[in-house]
There are 2 protein chains.
Amino acid sequence: MTEYQDLNLSPRWLHGPGPSDCHPRVLRVMATPSIGYTDPEFLQMLSEEQELLREVFQTQNPLTLPVSGTGTSGMEACIANLVEPGDNVLVCVCGYFGERLVDIATRYGANVARIDQPWGAAFEAQQVADALKQRPAKLVAIVHAETSTGVLQPLAEIAQVVHNAGALLLVDAVTSLGGIAVEVDKHGIDACYSCSQKCVGAPSGLAPVTLGPRAVEAIQQRKARVSSFYLDLALIDRYWRGDHVYHHTVSTAMNYALREALRLIHEEGLEARFARHRANAEYLWQGLEALDLTPHVPQPYRLPSLTTVRLPDGVDDAALRKRLLNEYNIEIGGGLGTLKGKVWRIGLMGYASSRERVTMLLGALDKLLHG
Amino acid sequence: MTEYQDLNLSPRWLHGPGPSDCHPRVLRVMATPSIGYTDPEFLQMLSEEQELLREVFQTQNPLTLPVSGTGTSGMEACIANLVEPGDNVLVCVCGYFGERLVDIATRYGANVARIDQPWGAAFEAQQVADALKQRPAKLVAIVHAETSTGVLQPLAEIAQVVHNAGALLLVDAVTSLGGIAVEVDKHGIDACYSCSQKCVGAPSGLAPVTLGPRAVEAIQQRKARVSSFYLDLALIDRYWRGDHVYHHTVSTAMNYALREALRLIHEEGLEARFARHRANAEYLWQGLEALDLTPHVPQPYRLPSLTTVRLPDGVDDAALRKRLLNEYNIEIGGGLGTLKGKVWRIGLMGYASSRERVTMLLGALDKLLHG
């Protein structure tokens with residue numbers, strides 16, 4: 001008989017593109033025993049979790065909840081519910097997750113048009129306006145924080161352009177929510193999704209989403225049913241906010257964790273949290289430059305939560321990351337897609353965004369690169 | 001500023017349709033810090049988890065893994081991958097989850113035919129044979145353990161009939177896996193899905209699935225892409241067993257929990273575990289009859305993991321379950337669908353299937369019903 005040992009993983013310092021390290025309070029709360037999915041105490045807890053989610057999304061949207069899957073399930077839930085076969089969709093692509101939006105919208109039967117920027121650049125509002133003038137769309141999808149490139153996409157003007165054209169705006173906030181302002185109501189973002197395991201600070205497994213009034217109306221006016229039952233937001237919303245009728249058994253442990261992570265954000269305060277992410281990123285950027293490492297993204301568009309830095313000439317990507325993991329227990333990410341082998345991705349997310357962590361990481365990189 | 005308190009839920013004894021209580025080792029392991037999704041130690045752990053899953057599914061199928069969602073995501077993943085628009089599908093419906101199979105297959109564009117049995121009965125192989133003679137199908141879907149009715153569906157003959165007709169057999173083992181034998185290879189079940197939070201003994205959040213060679217071939221021969229990206233099993237399998245290329249960030253905490261729950265099953269042994277579920281169910285059935293309560297399902301088809309029992313005349317369903325919860329911290333389930341208000345659903349699943357729990361539950365029911 002095969003023997004399976006006690007789980008005994010090396011403790012890692014997580015500075016890749018996610019997951020990030022969880023605060024000890026988040027880890028501990030998951031050991032809480034399960035409770036029934038219609039238990040009044042559980043429903044009360046879910047309701048608090050929704051309030052806390054609205055706070056971090058900076059929204060009053062009633063339809064704000066975590067989908068029971070990872071960030072990609074949030075992306076797919078938004079598209080599946082907002083897009084019907086034959087709908088025109090415009091996707092702004094300047095990285096891996098823009099490509100994924102194209103893929104999923106296509107699978108759900110949309111007529112997808114795309115505009116492209118190089119991987120490492122952001123979009124100007126005028127490009128979106130021009131594209132919508134050429135061909136109107138029901139939905140425009142854009143990534144706020146591109147996990148593959150480290151670009152922070154400004155949204156204020158683009159949101160105006162999209163709304164002036166009568167389209168809905170879908171925003172990917174997977175690598176921004178909880179670390180950088182995601183101003184859903186201020187910008188009138190119609191639908192926004194994220195994940196639990198980056199700046200929000202819980203393990204992977206839930207995908208927070210929020211939908212505004214225009215998006216809800218678009219769902220109510222659908223002609224075709226949503227082809228995914230699991231991601232049918234009207235049914236999921238009915239469990240969370242309506243008569244709590246069964247749709248699926250939401251995870252106790254994951255929702256305990258997300259509520260605790262959101263409670264930590266609430267206690268810290270959004271402004272203080274964003275300032276912390278910003279200050280530690282700047283400290284990292286200075287340190288990288290002192291090590292002769294060049295950030296891939298120019299300053300105004302650099303993400304505080306995820307920095308892409310160009311591989312120095314002559315350095316073996318995989319070998320260095322392996323040494324960092326084996327000798328220092330530090331994880332950083334390799335490049336994705338067209339940036340594979342060209343950049344590293346260094347995450348400073350949630351609990352792992354701290355001055356001491358940056359100091360440790362810079363010290364380890366210095367040792368490995370310059371002996 | 002709103003104050004959000006420490007999570008402080010009442011400890012419950014979970015004897016509804018799921019979730020069930022987790023063994024303390026399962027709860028504890030979730031407090032393990034996160035680790036990267038391509039960390040060699042994590043990939044090694046996932047590989048062990050797959051071995052353990054094959055053991056409980058009684059299969060050698062290489063494509064055996066937990067989908068990152070609840071049981072319903074496993075149901076949807078199997079249908080989304082095995083069915084193409086226009087395919088003929090036959091669904092056997094004798095409860096709520098048979099209805100759900102019809103719903104999802106219809107959403108994915110199948111031409112669905114159905115055969116029905118009363119809620120509380122099982123199917124005979126001849127009914128399936130007759131239906132397939134009338135109209136051949138690519139896929140036949142049936143529920144092994146109907147969570148809404150408490151019926152255990154024998155599969156041996158039906159599997160033969162389905163294969164003789166050249167169709168694939170899809171089996172819902174949500175309420176059987178880990179508590180009752182699910183003999184995937186012995187019966188040649190082509191695709192089977194379950195959940196983590198019932199007899200398997202972890203919290204909700206993962207959906208174990210296994211696909212046999214004919215099902216894998218059907219996926220390889222698809223003309224249309226799978227319309228769900230999140231549930232595209234070829235891509236998910238590539239992460240788990242192939243070159244580990246990124247598809248989504250699988251949950252650390254949930255997979256720690258599932259591996260530990262499966263390790264407990266491995267240590268107990270399948271035969272001993274099934275015998276325990278059976279013995280405690282029989283002890284429950286005797287006790288219910290002594291309390292003048294009538295099981296809804298006749299003996300040979302009664303599920304050991306979930307018993308439906310008819311409400312006695314004059315008893316207020318909701319009021320009694322509320323008292324059970326408030327005065328004894330015991331959760332049992334109400335009826336679902338056509339059995340709402342007519343039966344209770346009493347689960348004895350995984351760690352919660354024990355003689356002392358049955359004793360406690362019967363004692364509480366006796367007090368509340370007969371004072």
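1. Helices here are DSSP runs of H or I with at least four residues, strands are E runs of at least two, and both are numbered from the N terminus. With that settled, helix α12 of chain B runs over residues 317-328. The residue after α12(B) is B:N329, which has a positive phi, near 60°. As for length, the 12 residues of α12(B) span 16 Å from first C-alpha to last, close to the 16 Å expected at 1.5 Å a residue (the expected span being 1.5 Å times one less than the number of residues).

2. A bit of housekeeping: this is a predicted model, where local features need pLDDT of at least 70 and side-chain atom pairs count only at pLDDT 80 or more, while totals for chains, interfaces and linings use all residues. Residues are numbered from 1 along each chain as its sequence is written, and chains are lettered from A and ligands numbered from 1 in the order in which they are written.

3. How are the two chains related? The same surface serves both copies, since 100% of the contact residues of chain B recur in chain A.

4. On to the interface itself, taking contact to mean C-beta atoms, placed from the backbone, within 7 Å of each other. Here 60 residues of chain B are in contact with 60 residues of chain A. On the chain B side, two or more residues come from each of α1 (24-29), α2 (40-57), α3, α4 (96-107) and α10 (252-268). The biggest contributor is α10(B), with nine residues. By class, this side of chain B has 25 nonpolar, 21 polar and 14 charged residues. For the classes, Ala, Val, Leu, Ile, Met, Phe, Trp, Tyr, Cys and Pro count as nonpolar, Asp, Glu, Lys and Arg as charged, and the others, Gly among them, as polar.

5. Now for the domains of chain A, with bounds from an automatic or database assignment. Domain 1 is 13-19 + 270-370 and domain 2 is 24-266. Their C-alpha centres lie 26 Å apart, and 26 residues of domain 1 are in contact with 26 residues of domain 2. On the domain 1 side of chain A, α11 (270-290) and β11 (306-310) each supply at least two residues, and α11(A) has the largest share, with four residues. That side divides into 13 nonpolar, 10 polar and three charged residues.

6. Last, helix α8 of chain B (residues 213-220). Its buried residues are B:A215, B:V216 and B:A218 (buried means 20 or more other C-beta atoms within 10 Å, exposed 12 or fewer, partly exposed in between, with C-beta atoms placed from the backbone). They sit on the same side of α8(B) because they cover an arc of only 155° around the axis. On the other side, B:E217 and B:Q220 are exposed. The buried residues of α8(B) pack against α3 (71-82), β8 (168-172), β9 (191-193) and β10 (207-211) of chain B.

7. What does B:V216 touch? Leaving out residues up to four places away in sequence, B:V216 touches B:L63 and B:L211. B:V216 counts as buried because 20 other C-beta atoms lie within 10 Å.

Key:
The arc is that of the directions from the helix axis to the C-beta atoms. Two residues are in contact if their C-beta atoms, placed from the backbone, lie within 7 Å.
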